[in-house]
Amino acid sequence: MNTEGQLAERDRSPGSEKEHEGRSRSSHASARTGEPRSAGRLPRWLRGGRPVGGGRWRRAALLATACAAFVLLVSGFVLQPFLIPSGSMESTLRPGDRVLVNKLAYRFGDDPSRGDVVVFDGAGSFGDEEPSGNPVTGLLRKAAAAVGLAEPAESDYVKRVVGIGGDRVTCCDERGRIEVNGQPVDEHYLHPGDSPSRVRFDIVVPEGRLWVMGDHRDASRDSRDYLGAPGGGTVPVDKVIGRAEWIGWPFGRWSGVPRTDAFTSVPAAPGRIPSAASGGAHG
């Protein structure tokens, strides 16, 4: 065997042995730590392993902050959970239900339709213009309500749209039914045992406003209770937060919020052009 030939192929430069030892030590260190050799070029907080100076907690805090910001962003502009605080919408919605409110439903030219279940800010129509209370407490409560963990603000309500701008809404015909533009409405969604209304009224809804009522008429404070208030009990369309679309909690109640065809036969208000939206028939 020609050992001299083999030895001749080895690099005999002065730094070769030290360089070889350095590479060997680096390889052993990488094998012990389980890190790739290229990991040494990355910042420690990206490499994993044991962070220095509480880096692990900083990453967790940043992740939690990002998730919270994303949830608040979605709740603020797209889809907001809303905790049902009372029985005014039974049996459609029950106390403790968490509904998902579509905040984009009326943001692109569409207006609420008869029969829609909507969440709205009643400040200025169903109550004082600015709710009183501690501003810090109010801010914290608003943040919790935005993710469905607390009851909504005292000025937020959930009701069903019965009349839109221009409609004449009256109670009641000879069979006790509410009439919209002279057409009796069979409200099959009412709470069992309730009459359409025990309060008689006759109102023409101003343009840009809504006449709203709860499905549990005997337990609902709605447009009927504010006939003497500014707006005559009606709610401005621009105070509508969104349309209730889904029941997300409890698990046994998972479903879409039922739509109604009760208003399909209601004619358009005098002077208004009929539209698919004004009929309120959805599925």
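Select Trp-249. At 37% relative accessibility this residue counts as partly exposed; buried means under 20% relative accessible area, exposed over 50%, and partly exposed lies in between (1.4 Å probe, protein chains only). This is a predicted model: local features need pLDDT of at least 70, side-chain atom pairs count only at pLDDT 80 or more, and totals for chains, interfaces and linings use all residues. Residues are numbered from 1 along each chain as its sequence is written, and side-chain values use heavy atoms, with hydrogens and water left out.

Rings of Phe, Tyr and Trp (its six-membered ring) pair if their centres lie within 6.5 Å; planes under 30 degrees apart are stacked, over 60 edge-to-face, the rest tilted. Phe-251 is exposed, at 55% relative accessibility. Across the whole structure, a search finds seven aromatic pairs. For another group, select Phe-120, Phe-126, Tyr-157 and Tyr-226, which ring pairs link into a cluster.

Next, show strand E11, residues 240-249. Strands (E, at least two residues) and helices (H or I, at least four) are DSSP runs, numbered from the N terminus. Seven of the ten residues of E11 are buried, so the strand is largely enclosed by the rest of the structure. Which strands pair with E11? Two strands pair if DSSP finds at least two bridges between them.

- Strand E2 (residues 98-102) pairs with E11 in the antiparallel sense over five bridges. Arg-98 has Trp-249 as its bridge partner.
- Strand E3 (residues 117-121) is antiparallel to E11, with three bridges.
- Strand E12 (residues 255-256) runs antiparallel to E11, joined by two bridges. Ile-247 stands opposite Ser-255. E11 and E12 form a hairpin with five residues between them.

Move to the open sheet of four strands, ordered E7-E6-E5-E8 with antiparallel pairing. Its edge strands are E7 (183-184) and E8 (201-204), each pairing on one side only. Two bridges join E6 (residues 178-180) to E7. Val-180 sits opposite Gln-183 there.

Select the largest nonpolar core, 17 residues. Such a core is a set of buried Ala, Val, Leu, Ile, Met, Phe, Trp, Tyr and Cys residues joined through side-chain atoms within 4.5 Å. Val-162, Val-169, Ile-178, Val-180, Phe-201, Trp-211 and Phe-263 touch the most other members. E5 (168-171), E6, E8 and E9 (209-213) each supply at least two residues. Centre on Val-169. Beyond four places in sequence, its contacts (heavy atoms within 4.5 Å) include Val-162, Ile-178, Phe-201 and Trp-211.

Then pick Cys-171 and Cys-172. Their sulfur atoms are 1.8 Å apart, forming a disulfide; the cut-off is a pair of cysteine sulfur atoms within 2.5 Å. The count comes to one. The torsion about the S-S bond of Cys-171 and Cys-172 is about -65°, so the disulfide is left-handed. Both Cys-171 and Cys-172 are buried.

Last stop: His-191, in the loop between E7 and E8. His-191 is partly exposed, at 21% relative accessible area. Leaving aside neighbours within four places in sequence, it contacts Glu-90, Ser-91, Asp-215 and His-216. Thr-92 is 99 residues away from His-191 in sequence, yet 8.1 Å away in space, C-alpha to C-alpha.
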